[in-house]
Amino acid sequence: MRMFSKFQIIILLLLAMGLLPAASFAQVAVGVGVAIHVGPPALPVYTQPPCPVDGYLWTPGYWAYGPVGYYWVPGVWVAPPRVGLLWTPGYWGFAGGLYGWHAGYWGPHVGFYGGINYGFGYGGVGFVGGGWSGGFFRYNSAVVNVNSSVVRNVYVDRTVVNNTTINHTSFNGEGGVNAQPNAGEQAAMHEEHVGPMANQISHEQSMSQDRNQLASMNHGTPGTAAMDSVNGRRFNQQGRIANGVSSGQLTPAETKNLENREAHLNGEIHNDRAANGGTLTPQERQQVNGQQNNLSRSIYDDKHNGATDQYGNNEVGARRDLQQQRIANGIRSGQLSPSETAKVEGHEESINHNIAADRAANGGKLTPQERSNINKRQNNASKQIYNKKHNAKTAPR
């Protein structure tokens, strides 16, 4: 005998009473594993990492629910189960006073995902970020972020870009997105489906153990919003550091320390792989994960310790802020490796110390000569940032 969840029983009653369209029930009854009274937070705004491997497909981030409430599962690039399959994202639906989760799946066509605008090609209906052609996936670079040195099959179609205000509502139903499956989506529901792969499941489970992902901790702004691959911790950490630099939550001194640790860990990984034919042993992976967990906690603590990198509304302050934004962009893009970032931030830290000392000696002000000296030092720092962003060295993946 088939057992129904409380949420499904309510849906069946609503269907019997004619209060819910029959077309929607086929989707509601599939993949519902959780039914709760509190809706998920709004979808966070984040930057999509570049596709790391030709043929990988983007799976948008979403709010999952666990014993301690909602937690964010970062969007991530993954390899599909086989050529020709596309990902239909999961979504939250609201009916009968309860929120239920509809799990995502792989299939030949993109089905109904609640009309939720997940971005990056998933605007609420279908997928416009690319498609399969002759056994290869072609990416629409107007919608998705690809690493042009890795991904060759690209095209540009800007006609699919929606320039209207994006709705970050994360659930379907009353109070959320009011959408019903269209004919194509209904047909896709009845096609052969493949459920989330093992690495997608482990990706969700690992996020449930990270306090930075809990809505109760991050108030709707998760520590890690997106990753370039499952277990892509290094990209994850660099993105968080970049956000901290950009927002001013991380000072140059804090960033230098974090990036020195990241560079040291990257060196360990490189040496371990070289000693083992390009792979890591299970023990080495466990050790790396433990070090990344420690680094993750340090990033969180440094971003929330009250020390900020705010320079004030003045010419000198504006110049320092501009340098930090350039550094943050270099971290995000991978143009600045951890070791390079540590060096340029060390330079900025030294300049900041000089400015503080000069101001302390002059009642909080800078003399014209001191301003001139600072400007020369920032010019040198600017050249250093440019050169390191445009050399052949990039952050490891």
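**Entry 1: cavities**

I looked for cavities and found two of 30 Å³ or more in the structure. By cavity I mean a set of points, on a 1 Å grid over the protein atoms alone, where a 1.4 Å probe fits but cannot get out. The largest cavity has a volume of about 60 Å³, a volume being the space filled by probe spheres set on the points, with grid points joined across faces, edges and corners.

Before going on, I noted that this is a predicted model, where local features need pLDDT of at least 70, side-chain atom pairs count only at pLDDT 80 or more, and totals for chains, interfaces and linings use all residues. Residues are numbered from 1 along each chain as its sequence is written, and side-chain values use heavy atoms, with hydrogens and water left out.

Which residues line the largest cavity? I listed Y56, L57, W58, W77, L86, W87, Y122, F127, G129, F137, Y139 and V144, where a lining residue has an atom within 4 Å of a point. Two or more of the lining residues come from each of β2, β6 (86–88) and β11 (136–140); strands are DSSP runs of E with at least two residues, helices are runs of H or I with at least four, and both are numbered from the N terminus. The lining divides into 11 nonpolar residues, one polar and no charged. Here Ala, Val, Leu, Ile, Met, Phe, Trp, Tyr, Cys and Pro count as nonpolar, Asp, Glu, Lys and Arg as charged, and the others, Gly among them, as polar.

**Entry 2**

I followed β2 into an open sheet of three strands, in the order β2-β5-β14 with mixed pairing; two strands pair if DSSP finds at least two bridges between them. β2 (57–59) and β14 (226–227) are the edges, each with a single partner strand, so one side of each has no neighbour in the sheet. Strand β5 (residues 75–78) runs parallel to β14 over two bridges, and V76 has M227 in β14 as its bridge partner.

I then followed β11 into another open sheet, also of three strands, with the order β10-β11-β12 and mixed pairing. Its edge strands, β10 (130–133) and β12 (154–155), each pair on one side only. β10 and β11 are antiparallel over four bridges, and G130 has Y139 in β11 as its bridge partner.

**Entry 3: a hairpin**

How many of the five residues of strand β3 (residues 62–66) are buried? I counted four, so β3 is largely enclosed by the rest of the structure; buried means under 20% relative accessible area, exposed over 50%, and partly exposed in between (1.4 Å probe, protein chains only). β3 forms a hairpin with β4, with two residues between them. Five bridges join this antiparallel pair, and A64 stands opposite Y71 in β4.

**Entry 4: helix α4**

In helix α4 (residues 198–208), I found Q200, H203 and M207 buried. Seen down the axis of α4, these buried residues fall within an arc of 55°, so they line one face of the helix; the arc is that of the directions from the helix axis to the C-beta atoms. They pack against β2, β4 (69–73), β5, β6, β9 (105–107) and β14, with contact meaning heavy atoms within 4.5 Å.

**Entry 5: positive phi**

F120, in the loop between β9 and β10, is not a glycine, yet its phi is positive at about 55°. F120 is partly exposed, with a relative accessible area of 21%. H219 is not a glycine either, and has a positive phi of about 55°. I placed H219 in the loop between α5 (215–218) and β14; H219 is exposed, with a relative accessible area of 68%.

Terms used: 1 Å grid on protein atoms, 1.4 Å probe; cavity = no way out; pocket = protein on both sides within 12 Å on 5 of 7 lines; lining within 4 Å.
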